[in-house]
Structures are given as C-alpha cells and as structure tokens.
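Biologist: I am new to this structure. Could we go through it together?
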Amino acid sequence: MSMIFFACVVRVRDGLPLSASTDFHFNQDFLECRKRLKVLSSILAQYPSRGTAKGRDLSIHFVSSGDIACMAICSSNYSTIMAFCFLEELQWEFAASYDTTSISLASRPYAFLEFDNVIQKVKCHFNCTSSSQMNANWEKIEEELKFQPPVQLKLEDTELMNGMTNGGHAGVHVEVVPTYRMQRVTPLGILSLVLNIMCGALNLIRGVHLAEYSFQEDHEGIGNVIAFLLPFLACVFQILTRQLMEKQPDCGV
C-alpha cells in the first residue's frame, strides 16, 4: 500500500525527538526502519537539507531547516514529491507553533508531544490526497527537487553509521579500581601470629579430648566442649582479621 506510515520532528544538532505520530505498526520491517531512522536523526547535521534513504519496502525521507528536521517513513512506492510536500507542510506547522528558544531549551524527548495531533491530521490528509489535488505545492517541490536533488542513501548505510556512532568514535570511560598488596609482616606480627596459632591448636586438642570423654560418659558435657571450641574459633578469626588488616590499597601498578 502506498502511504505514509510514520512521521516525527527532531532537533538537528543532537537528534532529540520533539514529537511523533502515534505508532500502530509492529511488523519487523517497520521496527527495523524505525531503528535506522533514529540513527539517521542523530547525524542529520552532516547532510544537506533534503535526503532519502531507500529500502526495498520502506523508505525514510527527511527535510531539515534551522533547528528542526521532519522525518517520515513511507512505503517505497510512495511518491517522493508527495513525501517532501508532506514534510514541508509539517515543518511549516511546527515552526508556526514553537519558537527557536523553546526548541533549543528542550531537554527531554517528546517535549512537544501535543503536536502529534497535528502530525496525525496532516498525515491522514496526505494519505487520502492524490498528487493531482496538489497542483501548486507539487509543482513548487518538483522544481526544487530538480534544481537540488535530495541526497540518496541506503537503509543499510544507516546500519554502518550505527556502528560508528555507538563504537567507532565513542569515548571509553575507564575507572581505576584499587588493587591490594601485602605488606611485609613485622617481627611483632610474626610473634602474634605464632602465639595465636599455638593457642588455637591447644584449644582444639583440649576440646577434642574433652569431647571424647563427654560422649563416652554422658551428654551433659556438650556445653564444656563448646566452651573450649569457641576460643579456638576466636583465635582463627583473630588470625584472619590480622591478615586482612595488613592489606593496604594501592592504586599504582
């Protein structure tokens, strides 16, 4: 079917979407075309004021002037002149509704979402109008396109640009993560470590022997076993804590 499927208004300098038509198309080709339109919108400043990215079933047309650009996804058999007539009218409507200051200060996507009603109205008008009913504007755009043809792109080109904008020239943020080095153990630390190991071993031996006698005679000595094992665990914990405290952060290599 020959028609306009989608249209949007974006800011030229950064591709920020300002308004767009309501999207009811969910087939895979259309969704892929939307992705490529988004990529293309971010680099419109590199291109002339008019351009077309042709695909097998869908095409993207754009018109830029000053701070804003209007873009549309149409079926590939839709008249190129009609598509640019549509975009010119859309651009005129937007420029008449919003000043350059409010456009420049827009900080969030779709800041002029209310304009989507105008986009839908103009889109429906062009989808229901034949070229023979647009003599005056048709001839004007036709002459302009003959004098200055729109730049021709391929939808596949925008995929390559996507790789460039996402990976080719993007700055990489490197965060320095502290590394840890073991400091040399002091003589006092060695002595403390040896004493802790000896105390832990002694408590473990005494606890094992006590457990043997307690379980042979009765079960009331379990509390005593726990009383001997707790100091052993405390010694192990103290050794591990001391080792961790001797690690110092070092950001150098």
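Modeller: Let us begin with proline 109, which counts as partly exposed because its relative accessibility is 45%; partly exposed lies between buried, under 20% relative accessible area, and exposed, over 50% (1.4 Å probe, protein chains only). This is a predicted model, in which local features need pLDDT of at least 70, side-chain atom pairs count only at pLDDT 80 or more, and totals for chains, interfaces and linings use all residues. Residues are numbered from 1 along each chain as its sequence is written, and side-chain values use heavy atoms, with hydrogens and water left out.

Biologist: Where is the place of proline 109?
Modeller: Proline 109 sits in the loop between helix H3 (100–105) and H4; helices (H or I, at least four residues) and strands (E, at least two) are DSSP runs, numbered from the N terminus.

Biologist: Which residues does proline 109 touch?
Modeller: Leaving aside residues up to four places away in sequence, proline 109 touches Leu16 and Pro17, where contact means heavy atoms within 4.5 Å.

Biologist: Changing topic, is serine 21 buried or exposed?
Modeller: Serine 21 is buried, with a relative accessible area of 5%. This residue belongs to the loop between strand E2 (17–20) and helix H1 (28–41).

Biologist: And what does serine 21 touch?
Modeller: Its contacts include Phe6, Ala7 and Ile119, not counting residues up to four places away in sequence.
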